[in-house]
Amino acid sequence: MADASKSPQADDRGPVTTLATPIHLDYSFTPGIAQSRNLRGLAEGKFIGQRCSVCGKVYVPSRGSCPTDGVPCTEDIVLPNTGTITTFCVVNVPFAGQSIEIPYTCAQVLLDGANISFMGLIQEVLADEVHMGQRVEAVWVEPEDLTPSMASVKYFRPTGEQDAEYETYKDYL
Amino acid sequence: MSERCAVIGVGQTKHKAKRDDISIAGLVREAAKRALEDAQLTWSDIDAVVVGKAPDMFEGAMMPELYLAPALGAVGKPMFRVHTAGSVGGSTTLVAAHLITAGIHKRVLAVAYEKQSDSDAMWALSVPQPFAAPLLAGAGGYFAPHIRAYMRRSGAPDHIGCMVAVKDRLNAVKNPYAHLHLPDIDLKTVQDSVMLWDPLHYLEACPSSDGAAAIILSAEDGVTDGAFPPAWVHGMAMRSEPTMFAGRDQVNPQAGQDCAADVFAQAGITNPRAEIDMAEVYVPFSWYEPMWLENLGFAEQGDGWKLTESGATALDGDIPWNASGGVLSSNPIGASGMLRFLEAAMQVRGQAGEHQVDGARRALGQAYGGGSQFFAMWVVSSDKP
Amino acid sequence: MSPAASRRPVAIASFAQSQNVRRDQERNEVEGLMPVIAEVFANIGITKNDIDFICSGSTDYLIGGPFSFVAALDAVGVWPPRSESHVEMDGAFALYEAWVRLQEGDIDAALVYSFGRSSLGDLNEILALQLDPYYLAPLWPDPVSVAALQARALIDSGRATESDLAGVAARNRKSALSNPKAQVAYDRSVDELLSEEYAVAPLRKHALPPITDGAAAIVLAAGDKAQQWTDHPAWITGIDHRIETHALGARDLTRSPSTTKAAEMAGVGDGPVDVAELHAPYAHQELILAEAMGLGDGVSINPSGGALAANPLMSAGLIRIGEAAARISSGSAHRAVAHATSGPCLQQNLVCVLEGE
């Protein structure tokens with residue numbers, strides 16, 4: 001039995017209310033076979049999409065399967081650098097991990113020939129001039145900076161062409 | 001065969017930005033104990049426990065049901081952990097309810113929570129993936145473009161979202177458990193608040209809350225004689241679709257329409273606008289109210305915003321939505337779905353105090369999650385099915 | 001509440017698993033799952049359109065990103081929209097949820113799948129996060145040390161020796177030689193195994209599970225549908241799960257009362273058991289589980305090689321159910337028990353009884 005006179009003095013700092021446990025976990029990441037083909041294309045300054053053999057839709061970037069059919073997309077298609085903004089938002093909120101100065105415009109870009117849009121950064125235009133249906137083109141990094149990554153695409157900028165008809169992209173919203 | 005299932009007890013915590021006075025176990029117990037008191041039961045009257053919460057990275061604790069077993073009286077019982085993204089509070093309730101309707105247990109405790117101040121929710125939602133563009137938008141940044149698409153499709157005027165933001169926060173003032181209490185909020189205040197993700201203003205977005213909710217579900221022979229009558233489950237449904245696929249309608253997802261059609265068919269409802277007395281619907285960003293009004297069949301395509309504008313969804317309207325203040329007023333992510341189901345049950349039990357919709361006998365609870373690809377819904381009533 | 005005897009008959013109609021490997025270098029989760037899903041359907045000539053409900057088991061922490069299970073759904077092709085759910089637990093529990101759902105009688109078929117890529121992160125750190133976040137996790141106890149505490153308690157109780165542990169390992173790895181999906185298989189003597197160094201005493205390397213990437217899927221079908229789809233359904237005649245308290249010091253680590261209770265509720269003792277597939281990632285745990293379920297000498301334990309042969313986290317329990325079902329379907333067993341566990345030192349346990357026609 002512990003001798004009460006030897007027990008530690010309760011200190012006057014009050015009870016412990018928070019316990020901070022820093023956690024650092026390292027993970028390997030496998031993009032997978034289909035996405036690897038996209039990534040190698042990006043390292044060459046090209047957008048490579050994949051077509052599903054069942055529904056015929058072209059996915060870019062591909063993640064391994066056609067989500068509606070559950071089969072691998074095996075046919076590669078090189079897509080052009082141009083596309084249409086289907087919708088967008090202007091990000092004005094700071095948060096951890098952000099590397100671009102706010103405000104910035106994120107848009108869903110539907111590349112010509114693709115059946116699904118992906119998110120891209122829009123630059124070389126004022127935020128309030130970005131609009132749905134706007135025609136844009138990819139601006140790539142310098143050739144020596146190309147990597148197998150979406151970071152090879154610096155951003156998209158307007159081409160100045162006439163806007164795409166709403167009908168051409170309304171099903172992609 | 002399906003057994004009847006009733007809600008006989010509910011409990012929730014006062015939702016706050018940071019519950020620094022309590023551990024995770026304490027948080028869930030607070031809600032669970034209130035539900036037990038409401039049902040006039042003790043821990044030993046519960047046969048099984050189902051826990052739901054959103055990504056474990058929100059707290060930095062993996063598979064926390066293991067640690068929570070003793071705190072929730074689950075030792076020696078079956079315990080389950082559901083995770084279906086933001087809709088999890090709803091699907092947790094349904095998984096628990098199915099244990100009753102399938103005749104497996106007599107009484108089940110469903111608990112959902114999030115103590116997201118423990119970690120960093122924004123970070124957990126946007127853990128950067130290698131090979132991707134260094135382009136992060138946060139949760140709102142995912143939904144804002146779809147809101148813009150709705151505005152374009154429907155031709156809705158700009159102020160509709162702000163109206164919803166005001167309505168839900170004023171309702172929350174009447175809900176003692178709600179996180180945000182903003183009695184002075186008005187349209188101008190919302191419109192003047194900073195644009196977070198254009199077209200969404202700061203005050204049109206949900207808060208980040210610590211909170212827990214608990215529901216006790218019972219078979220007919222387990223219903224107790226508490227202060228409030230039971231809320232009977234008349235329909236339950238879940239639907240998922242892939243998050244990203246060619247031709248997906250992000251604004252009016254098929255899975256949401258199918259889920260609603262299923263739950264209404266079970267409950268014998270053909271005209272939700274007329275036959276439902278109130279609805280608790282997962283609206284984390286203001287514009288999701290008009291969007292879900294259409295998706296759930298309360299309004300025709302393109303007309304959801306008109307219903308909002310007319311005041312029909314206000315507390316004194318003919319189809320109040322989110323009398324509790326909704327997700328816009330309290331958002332402990334893992335619990336938010338269950339809070340919708342719980343508040344719907346409270347309404348038909350006559351238990352909602354100041355935010356009670358008079359004479360509510362039939363209510364809808366809806367939760368959605370992920371990239372709007374997962375839906376869970378139920379219809380509850382003061383009458384037995 | 002309906003009595004156990006009136007439960008709707010539900011059977012395992014099909015089972016498929018991936019090759020269990022140390023590391024799948026090339027494929028992501030979706031690509032790893034697709035062939036498994038394709039096979040589980042092809043076995044019985046059905047498609048995704050024949051499925052009414054889908055439930056999966058997985059955990060975000062293995063992959064390092066939230067909502068990993070959402071992308072995995074791409075492997076199934078959920079269009080038109082389907083009723084679907086997910087548990088952040090081993091696929092065996094997803095199977096339980098699907099079984100419950102089928103009891104209601106309004107739907108007849110469910111797909112259950114699970115995947116786990118343990119190679120992506122460091123399990124020693126990840127699994128520490130499964131422990132009490134206030135008192136245990138900050139000490140970063142790795143899973144091997146935690147298991148070793150239990151092994152030490154068992155040996156000190158006098159009910160097992162290090163030689164017994166080696167015997168379990170030898171038997172499981174030898175059985176794995178006839179399992180084409182197994183990752184670790186060999187034929188070594190107990191003496192040879194006992195000469196290994198300790199990993200964390202009293203556990204030597206042979207007593208530990210391998211680190212595995214793998215995926216598995218099962219199709220559950222009710223009554224008539226099961227008989228329509230396969231001539232050899234494995235009927236689930238009982239299934240239950242229970243959990244114990246979390247703190248390691250608050251339990252008798254040498255016993256598994258939750259397994260005993262789940263086994264009782266599932267009716268293990270109601271008839272002879274030919275085969276038992278026990279989810280025992282650590283050799284000593286097989287001894288504890290067999291004792292908890294009252295399995296006698298006549299029972300063939302882990303003909304697949306068990307979790308010692310392949311341990312894809314979040315899938316290993318579902319695979320036990322699938323392997324037991326496979327023995328029933330092939331006719332090599334008439335009555336089998338499958339078990340799945342979750343949490344440190346067998347904290348939570350699921351028991352399932354399967355019977356042939």
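**Domains of chain A**

I looked up how far apart the two domains of chain A sit: their C-alpha centres are 19 Å apart. I take domain 1 as 29-79 and domain 2 as 80-173 of chain A, with bounds that come from an automatic or database domain assignment. I note that this is a predicted model, where local features need pLDDT of at least 70, side-chain atom pairs count only at pLDDT 80 or more, and totals for chains, interfaces and linings use all residues. I number residues from 1 along each chain as its sequence is written, with chains lettered from A and ligands numbered from 1 in the order in which they are written.

Domain 1 of chain A brings 14 residues and domain 2 of chain A brings 15, where two residues are in contact if their C-beta atoms, placed from the backbone, lie within 7 Å. On the domain 1 side, the elements of chain A giving two or more residues are α1 (33-43), β1 (47-51), β2 (58-59) and β3 (75-79). I use DSSP runs for these: helices are H or I with at least four residues, strands are E with at least two, and both are numbered from the N terminus. α1(A) gives the most to that side, with four residues. By class I get ten nonpolar, two polar and two charged residues on the domain 1 side. Here Ala, Val, Leu, Ile, Met, Phe, Trp, Tyr, Cys and Pro count as nonpolar, Asp, Glu, Lys and Arg as charged, and the others, Gly among them, as polar.

**A closer look at α1(A)**

Which residues of α1(A) are buried? I find A:A34, A:Q35, A:N38, A:L39, A:G41 and A:L42. They cover an arc of only 155 degrees around the axis, so they sit on the same side of α1(A); the arc is that of the directions from the helix axis to the C-beta atoms. For burial I need 20 or more other C-beta atoms within 10 Å of a residue's own; 12 or fewer is exposed, anything in between is partly exposed, and C-beta atoms are placed from the backbone. The buried residues of α1(A) pack against β1 of chain A. Just after α1(A), I also spotted A:G45 with a positive phi of about 75 degrees.

**Chain A overall**

I count two helices and eight strands in chain A. From the N terminus on, the order is α-β-β-β-β-β-β-β-β-α. The radius of gyration of chain A is 24 Å, well over the 16 Å that the globule rule gives for 173 residues, so chain A is more spread out than a compact globule. I take that radius over C-alpha atoms, and the rule is 2.2 Å times the number of residues to the power 0.38. The C-alpha trace of chain A spans about 85 × 40 × 35 Å along its principal axes. Of the 173 residues of chain A, 38% count as buried. Of the contacts in chain A between residues at least 6 apart in sequence, 55% join residues at least 24 apart.

**Chain C overall**

Chain C has 13 helices and twelve strands. Its radius of gyration is 19 Å, close to the 21 Å that the globule rule gives for 357 residues, so chain C is as compact as a globular protein of that length. Its C-alpha atoms fill a box of roughly 55 × 45 × 40 Å along the principal axes. I get 65% of the 357 residues in chain C as buried. Residues 24 or more positions apart make up 80% of the chain C contacts with a separation of 6 or more.

**A helix crossing in chain C**

At what angle do α4(C) and α13(C) cross? I read roughly 65 degrees, with the axes of α4(C) and α13 (residues 316-330) of chain C coming within 5 Å. The axes are lines fitted to C-alpha atoms, for helices over the stretch in contact, and angles run from 0 to 180 degrees between N-to-C directions. C:G91, C:A92 and C:L95 of α4(C) meet C:G317, C:L318 and C:I321 of α13(C).

**Chain C against its partners**

Facing chain A, 24 residues of chain C meet 20 residues of chain A. α1(C) gives the most to that chain C side, with four residues.
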